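Let's walk through this model together, one question at a time. Have the sequence and the structure open as we go.

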Amino acid sequence: FGRDYEQHLNFLVSCRAGFAELSAVQEEVVLQASRIGVEALRAVKGKHSKKTLAFVKASSAFCQITIPSIAGVAARLRLFLTAAEAAL
């Protein structure tokens, strides 16, 4: 998707819906959403515009919504920490 972060996040939303019963896919979707949030920050060199700030908030919200649906407690905790680190 290159630098089209919104399109990438939309793809991850589709993956989350299409593979709702597979925890491994859900975990990867959360990791990718966290990663693209960090990439967006790097792309603007730490100075968010309104658009990039809204995107990073959407990415973080996506992670917070997705993580509780993952079966393993340890995996959920790890992903919550990863998402929190990415949000900082």
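Two residues are in contact when they have heavy atoms within 4.5 Å. Helices (H or I, at least four residues) and strands (E, at least two) are DSSP runs, numbered from the N terminus. This is a predicted model, where local features need pLDDT of at least 70, side-chain atom pairs count only at pLDDT 80 or more, and totals for chains, interfaces and linings use all residues. Residues are numbered from 1 along each chain as its sequence is written, and side-chain values use heavy atoms, with hydrogens and water left out.

Q: Which residues in α4 does α2 meet?
A: Let's begin on the α2 side, where the residues are E27, V30, L31, S34 and V38. By class, the residues of this contact divide into seven nonpolar, two polar and two charged (Ala, Val, Leu, Ile, Met, Phe, Trp, Tyr, Cys and Pro count as nonpolar, Asp, Glu, Lys and Arg as charged, and the others, Gly among them, as polar). The partners in α4 are A75, R78, L79, T82, A83 and A86.

Q: Are α2 and α4 roughly parallel or roughly antiparallel?
A: Two packed helices are described by the angle between their axes and the distance between the axes. Axes are lines fitted to C-alpha atoms, for helices over the stretch in contact, and angles run from 0 to 180 degrees between N-to-C directions. Angles under 35 degrees count as roughly parallel, over 145 as roughly antiparallel, 65 to 115 as roughly perpendicular and the rest as oblique. Here the axes come within 9 Å and cross at roughly 10 degrees, which makes α2 and α4 roughly parallel.

Q: How is α2 oriented relative to α3, roughly parallel or roughly antiparallel?
A: The axes of α2 and α3 are 9 Å apart, and α2 passes α3 in a left-handed crossing (the near helix is turned anticlockwise from the far one by less than a right angle; clockwise would be right-handed). The angle between α2 and α3 is about 160 degrees. That makes the pair roughly antiparallel.

Q: How many charged residues are in the contact of α2 with α3?
A: On the α2 side, the contact includes Q26, V29, S34 and A40. Among their partners in α3 are F55, S59 and C63. The class division is nine nonpolar, five polar and, for charged residues, none: the count is no charged.

Q: At what angle do α1 and α3 cross?
A: Helix α1 covers residues 5–18 and helix α3 covers residues 50–66, with axes that come within 11 Å. The two are roughly parallel to each other, and their crossing is left-handed. The angle is roughly 15 degrees.

Q: How many charged residues take part in the contact of α1 with α3?
A: From α1 come Y5, E6, L9, L12, V13 and R16. They meet K51, F55, A58, S59, F62, I65 and T66 in α3. By class, there are eight nonpolar residues, two polar and, as charged residues, three.

Q: Which residues touch the most other members of the largest nonpolar core?
A: In soluble globular proteins, nonpolar side chains tend to be buried together. A nonpolar core is a set of buried Ala, Val, Leu, Ile, Met, Phe, Trp, Tyr and Cys residues joined through side-chain atoms within 4.5 Å, and buried means under 20% relative accessible area, exposed over 50%, partly exposed in between (1.4 Å probe, protein chains only). Of the 18 residues in this core, those that touch the most other members are L9, L12 and F55.

Q: Which element gives the largest share of this core?
A: Two or more residues each come from α1, α2, α3 and α4 (73–87). The largest share is five residues, and it comes from α2.

Q: Is S34 buried or exposed?
A: S34 is found in helix α2 (residues 23–43). Beyond four places in sequence, S34 touches S59, C63, T82, A83 and A86. With a relative accessible area of 7%, S34 is buried.

Q: What is the phi of K45?
A: Most residues other than glycine have a negative phi, and most peptide bonds are trans. K45 sits in the loop between α2 and α3 and counts as exposed, at 74% relative accessibility. Although K45 is not a glycine, its phi is positive, at about 55 degrees.
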